[in-house]
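Subject: Structure handover

Hello,

Here is the structure, with my notes below it. Please read them with the model open.

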Amino acid sequence: MTTSFAPGSVALVGAGPGDPELLTLRALRAIQSADVVVLDRLVGQGILDLIPANAQRIDAGKEGFGPSTPQAEIHAMMIAAARSGAFVVRLKSGDPGIFGRLEEELDALDAAGIAWQIVPGLTAAAAAAATLGQPLTARGRNGALTILTGHDVKGFADQDWRALARPGAVAAIYMGKAASRYLQGRLMMHGAAPDTAVTLVENASRPDQRVHAATLATLPATAAQCSGPAVILWGLAPRAALSQLPAVLEA
């Protein structure tokens with residue numbers, strides 16, 4: 001790997017959840033140094049606006065259960081651009097190491113003899129939890145955090161449902177909207193209470209962000225209200241909603 005933005009190398013850069021103010025300084029420098037940028041579908045417009053006007057942009061978006069650029073084509077794009085002498089930024093939403101095909105891309109770059117570096121980014125779960133005013137871990141509540149995907153290349157993803165169904169469990173579920181009814185069924189089957197708090201944060205950190213407070217019982221109906229990408233925070237409710245709960249119970 002390399003630690004400089006050298007011609008003929010690739011930086012796999014985390015663009016964060018969308019707000020350009022949540023970029024790392026190193027990510028910003030990499031983007032502004034790029035000759036070629038290979039883009040994910042979910043990179044926010046505010047981040048795209050930071051790409052130099054003279055840099056070549058290549059759309060390499062993927063969509064769960066929808067149109068996607070084949071991974072082999074993405075590898076070929078990066079390798080060809082780097083071999084031409086360009087400094088290439090593979091720009092991924094969130095953090096490149098979380099559900100971002102990072103290992104496959106590094107393997108391809110290694111096989112081609114291309115120098116690379118990873119620039120980590122803020123993952124959407126952290127931004128979503130901050131929006132709720134909630135920590136992802138808390139003493140006396142959960143000593144572990146599960147980050148999981150609602151689906152993988154084979155379809156809806158299987159998980160350790162028994163562990164997730166335990167009281168106090170917290171999980172950040174990516175790409176889970178289409179799998180919401182499947183998630184609900186598996187969790188209830190393993191003993192999760194229907195009134196367990198679930199919050200969906202749509203377009204986390206972006207101007208069009210929306211927070212949808214729900215329960216396991218209402219999860220599928222709530223997910224259907226989301227048109228943009230959403231992180232499902234299992235076991236967490238917005239802090240403001242929690243502060244109102246005693247008054248509601250006393251009424």
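Met-175 sits in the loop between β9 and α7. This is a predicted model. Phi of Met-175 is near 50 degrees, which is a positive value in a residue other than glycine. Is Met-175 buried, partly exposed or exposed? Its relative accessible area is 37%, so Met-175 is partly exposed. Met-175 also belongs to a nonpolar surface patch.

Arg-101 is in the loop between β4 and α4. Its relative accessibility is 30%, so Arg-101 counts as partly exposed.

Next, the salt bridges. How many are there in the whole structure? The search finds 5. I describe some of them here.

Arg-90 pairs with Asp-40. Their closest N and O atoms are 3.0 Å apart. Arg-90 lies in strand β4 (residues 88-92), and Asp-40 in the loop between β2 (36-39) and α2 (45-48), so this bridge ties together parts that are 50 residues apart in sequence. Arg-90 is buried, at a relative accessible area of 2%.

Lys-92 forms a salt bridge with Glu-105, at 3.1 Å from N to O. This pair also links distant parts of the chain. Lys-92 is in strand β4 and Glu-105 is in helix α4 (residues 102-112), 13 residues apart. Lys-92 is buried, with a relative accessible area of 0%. Glu-105 is buried too, at 0% relative accessibility.

Arg-210 bridges to Glu-202, with the closest N and O atoms 3.0 Å apart. Arg-210 has 38% relative accessibility and counts as partly exposed. Glu-202 has a relative accessible area of 1% and is buried.

Now the core. The largest nonpolar core has 21 residues. Which of them touch the most other members? Leu-187 and Trp-234 do. At least two residues of this core come from each of α6, β9, α7, β10 (197-202), α8 (219-223) and β12 (230-234). Look at Leu-187 in particular. Beyond its neighbours within four places in sequence, Leu-187 is in contact with Trp-161, Leu-164, Ala-165, Ala-192, Leu-216 and Trp-234.

On to the rings. The count of aromatic pairs comes to 3. One of them is Trp-161 with Tyr-182, an edge-to-face pair. The ring centres are 5.9 Å apart, with 75 degrees between the planes. Trp-161 lies in helix α6 (residues 161-164) and Tyr-182 in helix α7, so the pair ties together parts that are 21 residues apart in sequence. Trp-161 counts as buried, at 5% relative accessibility. Tyr-182 counts as buried at 17%, because the cut-off for buried is under 20%.

Two more residues deserve a look in the viewer.

Thr-123 is in the loop between β5 (115-119) and α5 (124-132). At 14% relative accessibility, Thr-123 counts as buried. What does Thr-123 contact, apart from its neighbours within four places in sequence? Its contacts are Gly-94, Asp-95, Ile-98 and Tyr-174.

Gln-32 is in helix α1 (residues 25-33). Its relative accessibility is 46%, so Gln-32 counts as partly exposed. Leaving aside neighbours within four places in sequence, Gln-32 is in contact with Leu-50 and Pro-52. The C-alpha atoms of Gln-32 and Pro-52 are separated by 5.9 Å, although the two residues are 20 residues apart along the chain.

Best wishes

Note on methods: Residues are numbered from 1 along each chain as its sequence is written. This is a predicted model: local features need pLDDT of at least 70, side-chain atom pairs count only at pLDDT 80 or more; totals for chains, interfaces and linings use all residues. Side-chain values use heavy atoms; hydrogens and water are left out. Patches are made of residues with over 30% relative accessible area and no salt bridge: like charges are joined within 9 Å, nonpolar side chains (Val, Leu, Ile, Met, Phe, Trp, Tyr) within 5 Å. Accessible areas come from the Shrake-Rupley method with a 1.4 Å probe; for residues, only the protein chains shown count as cover. A salt bridge is a side-chain nitrogen of Lys or Arg within 4 Å of a carboxyl oxygen of Asp or Glu. Rings of Phe, Tyr and Trp (its six-membered ring) pair if their centres lie within 6.5 Å; planes under 30 degrees apart count as stacked, over 60 as edge-to-face and the rest as tilted. Helices (H or I, at least four residues) and strands (E, at least two) are DSSP runs, numbered from the N terminus. Buried means under 20% relative accessible area, exposed over 50%, partly exposed in between (1.4 Å probe, protein chains only). Contact means heavy atoms within 4.5 Å. A nonpolar core is a set of buried Ala, Val, Leu, Ile, Met, Phe, Trp, Tyr and Cys residues joined through side-chain atoms within 4.5 Å.
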